[in-house]
Amino acid sequence: MDTYEDILNGLSISLREIIKKYVDTSTWGGLEEIRIREGRPLMIINRGTDMMLTSKGFTTQDNKRAYTVSHKDMVETLELISESSIYAFQDELKNGFITLRGGHRVGLAGRVVMENGDIKTLKNVTGINIRITRELKGVSDKAIDYIYRPPRGVYNTMILSPPMAGKTTLLRDMVRNISNGGPGRPGLKVGVVDERSEIAGCYNGIPQNDVGVRTDVLDCCPKALGIILLIRSMSPEVICTDEIGRKSDIDAIEEACNAGVNIITTVHASDIEELKRKSNIAPLIEERLFDRYIVLGTSMGRGTIEAIYDGMLNSLIDAPMRSDCQ
């Protein structure tokens with residue numbers, strides 16, 4: 001329950017007591033997000049369903065019965081998540097999030113202050129979204145057989161899914177699996193470019209998630225810049241990053257492939273047809289830069305592997321599958 005304490009320690013006293021009462025009557029394991037908006041109902045998302053909470057910690061769909069988040073709640077929570085020094089987190093505020101101990105990401109909304117066309121900082125924070133990170137070790141066990149390339153390597157792999165279908169969870173476990181190695185598979189040097197701190201969940205630079213013994217992480221680094229930095233400095237055999245899409249990302253991936261480094265990444269798309277319609281991605285499919293496409297969905301629950309294709313888009317599995325995980 002360490003991660004539970006990490007979350008509670010970041011909440012105001014009033015909000016902390018409500019969440020504790022809620023967890024006493026429900027399942028902590030299903031809690032995904034805590035939404036805190038000043039002057040509006042306290043909300044949670046549990047197993048994909050959003051609900052409001054009363055002051056007694058009960059769920060409700062009636063906003064008149066729900067607990068209304070006060071200005072005091074907001075100020076106290078900000079002080080706790082920033083360890084009483086919000087000004088020490090200016091770089092994080094520019095990105096719109098802070099990472100808590102345990103790897104949980106706290107998204108922030110408020111008044112954006114611009115300077116010379118760039119975001120200088122975020123002020124008057126009135127919205128906080130705590131996303132609870134959970135590792136699912138073993139979730140990549142079945143997929144890993146399809147991306148391993150004997151005798152020592154992995155295929156360039158793209159994971160695609162709609163939002164909230166588990167692609168970052170799968171990628172995180174792949175990083176661990178590839179880095180540690182397994183029966184008949186040597187461990188490989190993995191570089192992670194974690195632009196939004198969702199893969200490794202670094203706190204003070206230290207990964208809070210298990211990303212394996214041979215993994216180096218560039219935290220909060222733009223993907224295109226990070227890929228090139230890793231190639232120059234850390235000699236990775238595999239580079240993993242999340243949610244590519246910009247032209248600069250594609251250019252950096254091509255440079256990595258030219259340098260002999262394999263890539264595993266993710267993209268927002270429900271299926272191959274939607275992927276083909278993405279103007280920056282379509283050329284990669286035509287050039288067969290990627291050797292494997294893993295399509296995630298929810299037919300057997302979140303994180304179901306609905307299909308795996310090779311670089312010529314031939315199907316490699318006959319039916320959806322899931323891996324048992326810890």
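Strand E1 (31–37) and helix H6 each give at least two residues to the lining of the largest pocket. Helices (H or I, at least four residues) and strands (E, at least two) are DSSP runs, numbered from the N terminus.

A word on the source. This is a predicted model, where local features need pLDDT of at least 70, side-chain atom pairs count only at pLDDT 80 or more, and totals for chains, interfaces and linings use all residues. Residues are numbered from 1 along each chain as its sequence is written, and side-chain values use heavy atoms, with hydrogens and water left out.

Back to the largest pocket. Its volume is about 1100 Å³. There are 41 lining residues, and Ile132, Arg134, Thr169, Arg172 and Arg302 are the closest to the centre. By class, the lining has 11 nonpolar, 16 polar and 14 charged residues. Ala, Val, Leu, Ile, Met, Phe, Trp, Tyr, Cys and Pro count as nonpolar; Asp, Glu, Lys and Arg as charged; the others, Gly among them, as polar.

How is a pocket found? On a 1 Å grid over the protein atoms alone, a pocket is an open set of points where a 1.4 Å probe fits, with protein on both sides within 12 Å along at least five of seven lines; lining residues have an atom within 4 Å of a point. A volume is the space filled by probe spheres set on the points, which are joined across faces, edges and corners.

Which element supplies the largest share of that lining? H6, with 5 residues. Now H6 itself. Of its 14 residues, 12 are buried, meaning under 20% relative accessible area with a 1.4 Å probe, protein chains only. Gly181 follows H6, with a positive phi near 75°.

The second largest pocket has a volume of about 390 Å³. Its lining has 18 residues, with Leu78, Ile86, Tyr87, Leu122 and Asn124 nearest the centre. Helix H3 (71–81), helix H4 (90–95) and strand E7 (118–131) each give two or more.

Last, cysteines. The whole structure has 0 disulfides, a disulfide being a pair of cysteine sulfur atoms within 2.5 Å. For Cys202, the nearest cysteine sulfur is in Cys220, 8.0 Å away. Cys202 is buried, at 4% relative accessible area. Cys221 is buried too, at 9%. Its sulfur is 9.1 Å from the closest one, in Cys220, so the two are too far apart for a bond.

Conventions
Buried means under 20% relative accessible area, exposed over 50%, partly exposed in between (1.4 Å probe, protein chains only).
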